[in-house]
Amino acid sequence: MSWPRPIRVVGVGSPQGDDALAWEVIRMLQQRHKGDNDIEFRVAEGGQRLLDVLEGEGTLLLIDALVPAGSPGAIRRFEWPNEWIEVLRPGSTHHLRPAAALQLAATLGMLPPRVVIFGIEAASLDLRQGLSPAVAAAVPELVRRIASELQTKGNIESPL
Amino acid sequence: MPEQTPHPDSVAQKRTIQVGALARVEGEGSLTLRLRDGQVEEVQLRIFEAPRYFEAFLRGRHLEEVPDITARICGICPVAYQMSSCHALERLVGIEVSGPLRDLRRLLYCGEWIESHTLHIYFLHAPDFLGYESALAMAQDRPEYAKLLRNALQLKKAGNAVISLLGGRAIHPINVRVGGFYQVPSRKELIQLGEQLKAVHEFARQTVRWAASLDFPPVEHDYEFVALRHQTEYPMNEGRLVSNRGLDIAMSAFPDHFEEYQVPYSNASQCRRKASGGQESPGAYQVGPLARWNLNWDRVPASVRQAAVETGITWPCRNPYMSIVARSLEVLYAVEEALRIIAGYELPDRSVVPYQPRAGHGAWITEAPRGILYHRYETDASGIIRQATIIPPTSQNQLQMEQDLLRIAPGLANLPEAEAALQAEKVIRNYDPCISCATHFLKLRVEGR
C-alpha cells in the first residue's frame, strides 16, 4: 500500500554536533528533490516545533539522531507507534522531545496516519561543531534509503 | 521529583523540602525551603543551568550582528531580545524607526505574545487548575480538553505564522535588523496572514472566558507591579517605566532605580528595586502580563476591555494565580492589534532606516511576554560592541517568586512531600518563568519542620 499524501519529511534536532544530522539529511534530500511539489521538507528544532507541522493527515517521515548506544553511525528505521521508543515526560516546552510530541499529537488526533522514523545513532550528543566521522559517513546512505522508500512507497520519483 | 531529606536533628524539628526538578517551566531550576519549628528560615530558588555568557559573546562583534545573536537567547521569546537590542542600538546611533516599519515591529511582537502566552496558558499552566500532571494527561482524560488543546495549537500557530512571515522563520528569526528589516512583506502576504488570525479570533475570546472560569486560590498580595506605559498604546516597544507605587521614569534611568546582584546558590543574577518598592517584600517587584494589564488596561480597545469586564474580576488584580487571565486578555489584544495593523498596512518606501555607527551608549526596554527586558550597549566609533548588559524578566521576577514562596511555606510544613512540591511549583508557574533566558526544571527542598 502506498503512503498517503501529503508526504512531509521533517528533520528534528539542533544545529550542533551529531544532533545536526537531520539538518544535513534534509539538506541533501531537498537538493535531490528540488522542484518536486509533492513533498515537503522541514527542519524542527525540537518537539514543540514538530507539533506545529502536524495536521493529522498524510505521511510523516521523521529523521532524528539516536542516543549513543555503542554503534555510532548505525541506521535504524521504526514505524510509529513502537515499543522501543521511550517517551520521556516533558519538563517544559523547551524540552518537549519528539516522541512526546508524537504522543501528544496522537492524543489530540493530529498525528498523520502513517509515521516512519529514521535515525542514525550519534557518536556523541555533546555540543560541538560538525558531525562525527561515523555519522557523517552514514548520512548519504540514509538519504539513499529514504529516497528509495519515497520512490517505492511514496510513488515519488527520485531524480538522482 | 520531590526529595525528603532525612534530618539527624530530632530535637530542633527541622525539615527540608526540595523540589528536585521543577516541571512545566521553561528551563531547569530547583527550590529549597528550610523550616525550623514550622517557621520558614530560608527560601532559595536555584537556577543551575550553566551560565550562558551572551553579554560576553557580544563584546567585539559589530552592532549589526547583535539582533541575530540575541535572538539565540531563547526559542520562545526571540523577538523580545531582537526588539530590545534594535531599539537600544538605534538610540545609540541616533535613529528612530517610524511609520509602517514601526507597525511591522509591533505586529511581530503580537505574534510572539500570541505564541508564548498560548503555550503557557494551555500547555504549562492549565494542568495546575484542572488537577493534571500535564497537558497530555488532560487530553488523555477528557475529549473536551483534547479539543481545547487542538484549538490552542491553532492559536499558537497563528502567532508562529506572524513570526515566520516577518521574522523569516518561526524560531530565532533572521529578518530583523538595526533600523528595520532585511525584507518587508507585501500587502497580499499580510492579508493572507490576517485570514489566519481572523480564524482564531473567536477562540482567543473564548480563552479569556475559559481562563476566568477556573478556580483560583483566594489570595491577594501587596505587589509593586512594574511595566512600560505608553501615551496611547498598550505597551510593547515604547513608553515610560511605571509602577503602582509611583515609579515613573524614562527607561534609560532603569539602572538608577534597579540593580542586578548575585546570589551564591544560583547561576542567574537577580534584580531588585534600589529603593524598597514593597513594604511587604523589600526590593521585590513583579513584571509580566499581570503587571502590564493592571497598569495599562485603559489602553486596550473597548472590545478587549469588555472581555476583561465580563471576567467578573476586579482590575487591577493582586491575585497572582489570576495572571493566567491577564495572559489570556493579552492574547486577545494581540490578535486584535495584529488585525488592526494588517488592515492599515501600506508598503514602506524602504525596509531599513540608514545609520552610521558611532561611539556611545544606548539602553532600551521592551515588553517581552514575561515582562520588561532591559538591554544596554556601548560601542566604539566603528560600531564594535564594547559592553553589553541584558536583564531578562525572569531575573527580575525571581525575588518576588521567592517572596511568594515564603508566604506559602508555613502551610507546606506538614504536607506530604509531593503535595508540598506541587503547591510550590504552582506559585512559580504563575510567573511563566523562562529560566533558560535567565541563565531549566525545579527541585523543591524543604529543610526543617
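Predicted model: local features only at pLDDT ≥ 70, side-chain atom pairs only at ≥ 80, totals over all residues.
Residues are numbered from 1 along each chain as its sequence is written, with chains lettered from A and ligands numbered from 1 in the order in which they are written.

I then followed the pairing of E13(B) with E14 (residues 385–391), which is antiparallel over 6 bridges. Strands are DSSP runs of E with at least two residues, numbered from the N terminus, and two strands pair if DSSP finds at least two bridges between them. The hairpin of E13(B) and E14(B) has 5 residues between the strands, and Gly383(B) there takes a positive phi near 90°.

I turned next to E12 (residues 360–368) of chain B, which runs antiparallel to E13(B) with 9 bridges joining them. Their hairpin passes through 2 residues. I recorded Thr366(B) opposite Leu373(B) in E13(B).

I checked the cover of E13 (residues 371–379) of chain B: 8 of its 9 residues are buried, that is, with 20 or more other C-beta atoms, placed from the backbone, within 10 Å of their own.

Lastly I examined H6 (residues 143–167) of chain B, a helix (a DSSP run of H or I, at least four residues). Of its 25 residues, 18 are buried. Gly168(B), which follows H6(B), has a positive phi near 90°.

Methods
Buried ≥ 20, exposed ≤ 12 C-beta atoms within 10 Å, placed from the backbone.
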